[in-house]
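Let's take a walk through this protein, one piece at a time. Have the sequence and the 3D view ready.

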Amino acid sequence: MNIINLYEKSENLFFVGGIVRDELLGKKSPDIDLTFVGDAIEFARSLDFGEITQINEEFGSVHLKIDNKTIDITSTRTETYPKKGQLPVVDKIACPLKDDVQRRDFTVNAIAKNCKSGEIVDYVGGIDDLKNKTLRVLHDKSFIDDPTRIIRGLKFAVRFGFELDEHTKKLQDEYLQNVNYEMSFKRLKDELTDAFKLNKQEVLHKFIEQNLYKLLSADQRSAKEVQVQPLVDKYKNEIKNVWICYLGSFDLSNLSLTKTETKVIDDYKKLLSADLSSDFKVYKAFEKVEIESLILLAQTKKEIVEKYLDKLRKIKLQISGEDLIKLGYKPSRKFAQALDAVLQAVIENPTLNHAQQLDMVEKIM
Ligand code: CTP
């Protein structure tokens with residue numbers, strides 16, 4: 001049994017959302033999300049193939065494993081947002097498809113395709129909006145219910161080269177005048193990391209131009225756009241958290257940052273006032289910080305950062321404490337000072353060879 005058998009099993013099974021949008025745009029979608037008009041859990045249980053690996057009664061959704069692939073099948077549902085900006089609660093399970101699509105973010109993400117017949121079902125004008133490269137919300141309260149959609153809009157706009165329709169832009173502007181900071185910042189962070197993972201300067205450009213930074217915190221003021229993408233492109237193999245290279249100088253206090261992300265920001269802030277008046281000082285200040293902190297620092301100290309990343313950090317001492325022990329010295333605090341002194345000399349003159357370095361450290365000891 002394979003997934004095609006599943007598609008043929010019912011006329012009530014639909015692809016909805018990103019997968020249909022991507023197919024109509026001629027792009028491949030990474031995951032398969034299916035919507036069942038009716039009760040998806042009951043439907044999954046009625047199948048004589050596939051293994052149910054997870055059930056979520058509240059959302060009427062189920063994970064079904066077929067052919068080693070896990071497919072998410074969710075029941076058609078309507079939702080409400082009793083707490084604006086927080087997760088919605090399910091109102092009604094097994095509603096008509098027409099009602100299900102109304103709970104979604106943009107018309108282009110509300111197009112359905114019948115899995116069995118292949119028929120496209122578009123209740124909301126999503127196909128026209130796809131053709132016109134337009135992002136349009138389905139109702140006026142969309143951003144109030146779920147402000148993360150503003151960042152989703154940014155992501156889709158840059159990913160596909162789309163624009164917000166005029167009314168949607170007006171609703172976005174209105175929301176940004178009156179942001180509800182009781183929102184789920186976890187969801188906001190997820191969308192931000194996703195959007196900035198695109199590693200496009202355009203994301204930051206729109207983020208600033210459209211005042212989207214207001215979502216971060218009430219204290220966040222406008223910021224000057226700096227070129228981040230060229231540097232991220234240059235060192236992309238070393239960067240683990242691209243998003244923070246773009247947003248690290250904004251007020252992120254509302255987002256729950258991981259330990260590593262917190263270290264990136266703290267180190268960056270310390271480096272802003274560090275003494276970087278010599279190559280040796282730069283070397284010592286930079287050697288234990290993540291590259292993301294340095295990319296952030298490059299906003300104001302680009303030349304120093306690039307010199308360190310391209311040149312200074314490649315300089316390594318050819319001697320170590322082991323050499324000093326072999327010379328008969330006992331480990332002490334002086335070891336580190338002596339090695340640092342040699343390091344400083346090597347940074348100023350990288351041609352100093354092993355013997356010269358050894359000679360120098362002996363003299364210091
Ligand atoms: N959705 C929504 N509001 C959100 C998140 C999701 O209405 N805040 C709906 C949209 O219909 C979306 C679908 O849920 O298409 C699936 O969400 P998700 O997988 O996050 O997005 P995709 O559209 O599949 O986009 P991506 O390609 O980035 O995964």
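## A loop, a core and a helix

The side chain of Asn 180 comes within 3.1 Å of the backbone oxygen of Lys 84. Keep in mind that this is a predicted model. You'll find Asn 180 in the loop that links α8 (166-177) to α9 (185-197). Leaving aside residues up to four places away in sequence, Asn 180 touches Lys 84 and Tyr 175. Here are two distances for Asn 180:

| From | To | Distance |
|---|---|---|
| Asn 180 side chain | Lys 84 backbone oxygen | 3.1 Å |
| Asn 180 C-alpha | Ala 218 C-alpha | 9.4 Å |

Now for the inside. The largest nonpolar core has 103 residues, and Leu 6, Ile 73, Phe 207 and Leu 247 have the most contacts inside it. Helix α15 (residues 291-310) gives the most to this core, nine residues. Apart from this core lies another one of nine residues, including Val 16 and Leu 97. As for Leu 6, its partners beyond four places in sequence include Leu 13, Phe 43 and Ile 73.

Next, look at helix α13. Which residues of α13 are buried? They are Glu 261, Val 264, Ile 265, Asp 267, Tyr 268 and Leu 271. Seen down the axis of α13, these buried residues fall within an arc of 165 degrees, so they line one face of the helix. An α-helix has 3.6 residues a turn, so residues three or four places apart point the same way. The buried residues of α13 pack against α9, α12 (242-247), α14 (279-286) and α15. On the other side of α13, Lys 259, Lys 269 and Lys 270 are exposed.

How values were computed:
Residues numbered from 1 in each chain as written. Predicted model: local features only at pLDDT ≥ 70, side-chain atom pairs only at ≥ 80, totals over all residues. Heavy atoms only, no water. Helix = DSSP H or I, 4+ residues; strand = E, 2+ residues; numbered from the N terminus. Contact = heavy atoms within 4.5 Å. Polar contact = N/O pair within 3.5 Å; in protein donor to acceptor, adjacent residues only side chain to side chain. Core = buried A, V, L, I, M, F, W, Y, C linked by side-chain atoms within 4.5 Å. Buried < 20%, exposed > 50% of the residue type's maximum accessible area, 1.4 Å probe, protein only. Arc of directions from axis to C-beta.
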